[in-house]
Amino acid sequence: MATVRITTPLTKEKVKELKAGDNVLITGTIIAARDAAHKKLVEALDRGEKLPVDFSNEIIYYLGPTPANPQKEQAVGAAGPTTSGRMDKYTPKMLEQGVSGMVGKGYRSAEVVESMKKNGVVYMVAIGGAGALISKSIKKYEVLAYPELGPEAVARLSVVDFPAIVAIDSLGNDFYKEGQEPYAEV
């Protein structure tokens, strides 16, 4: 599999180049938001309100980081991914807002995959359990919206070589399935 370096913003043209199974290193900014933030964002859309953040060409990382250790120079503490399925009921509406990539862990629903194909979006996974290691790639953490949600607030992360793997590309190719095929019993 290829290793691809991405510098944000992640345009739809860049998304098309990413293939299921690619190793990715992301540099630039990504948006952190978990289920509580997604719920508030979708409720705002349902009320016809303008979102507090422009999600065009953004990567959303499903993250609720732990606090930074005051004895260490770090933007956040452990920064492991949240299970992506928790966002599935909100994802199609968020993809319609111009999101170009998502990072989390685990499988996605068929409805989300169809929305990804329709909107030209890629889904990447980060390694669960490696939050301390992932946090080393995060250089800055800035809350953008819903500060009352604490670590689940919408935040901008400045990252350098943030590691991820393309799990589902914009054509719907699923590395979870393809990666298991050689090991399936016949």
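This is a predicted model: local features need pLDDT of at least 70, side-chain atom pairs count only at pLDDT 80 or more; totals for chains, interfaces and linings use all residues.
Two aromatic rings (Phe, Tyr or the six-membered ring of Trp) make a pair if their centres lie within 6.5 Å.

**Aromatic pair one: Y61 and F162**
- The ring centres of Y61 and F162 sit 5.0 Å apart with the planes at 75°, so this pair is edge-to-face, given that anything over 60 degrees gets that label.
- Y61 belongs to strand β3 and F162 to strand β7 (residues 154-168), so to speak a link between distant parts of the chain, 101 residues apart.
- Both Y61 and F162 are buried.

**Aromatic pair two: Y107 and Y176**
- For Y107 and Y176, the centres are 4.6 Å apart and the planes meet at 40°, so the pair counts as tilted.
- Y107 counts as exposed because its relative accessibility is 54%, and the cut-off for exposed is over 50%.
- Y176 has a relative accessible area of 22%, so it is partly exposed.

**A charge over a ring**
- R108 lies over the face of Y123, at 4.9 Å from the ring centre.

**The loop around G85**
- You'll find G85 in the loop between β3 (59-61) and α3 (91-95).
- G85 is partly exposed, because its relative accessibility is 35%.
- G85 and P70 are 15 residues apart along the chain, yet their C-alpha atoms are separated by 33 Å.

**Overall fold**
- The protein chain has six helices and seven strands, and reading along the sequence gives β-α-β-α-β-α-β-α-β-α-β-β-α.
- Its radius of gyration is 16 Å, close to the 16 Å the globule rule gives for 186 residues, so the chain is as compact as a globular protein of that length.
- The C-alpha atoms fill a box of roughly 50 × 45 × 30 Å along the principal axes.

**Packing and surface**
- Of the 186 residues, 46% count as buried.
- Among contacts in the chain with a separation of 6 or more, 62% come from residues 24 or more positions apart.
- The accessible surface is about 9,200 Å², and carbon and sulfur atoms account for 53% of it.

**What the record says**
- An unreviewed UniProt entry annotates residues 3-178 as "domain: Fe-S hydro-lyase tartrate dehydratase beta-type catalytic".
- That span is 24% helix and 28% strand, and its end C-alpha atoms lie 18 Å apart.

Key. Residues are numbered from 1 along each chain as its sequence is written. Side-chain values use heavy atoms; hydrogens and water are left out. UniProt positions are given in the numbering used here, feature names are shortened, and annotations may be inferred rather than shown by experiment. Helices (H or I, at least four residues) and strands (E, at least two) are DSSP runs, numbered from the N terminus. Buried means under 20% relative accessible area, exposed over 50%, partly exposed in between (1.4 Å probe, protein chains only). Rings of Phe, Tyr and Trp (its six-membered ring) pair if their centres lie within 6.5 Å; planes under 30 degrees apart count as stacked, over 60 as edge-to-face and the rest as tilted. A charge sits over a ring if NZ of Lys or CZ of Arg is within 6 Å of the ring centre and within 35 degrees of the ring normal. The radius of gyration is taken over C-alpha atoms; the globule rule is 2.2 Å times the number of residues to the power 0.38. Contact means heavy atoms within 4.5 Å. Accessible areas come from the Shrake-Rupley method with a 1.4 Å probe; for residues, only the protein chains shown count as cover.
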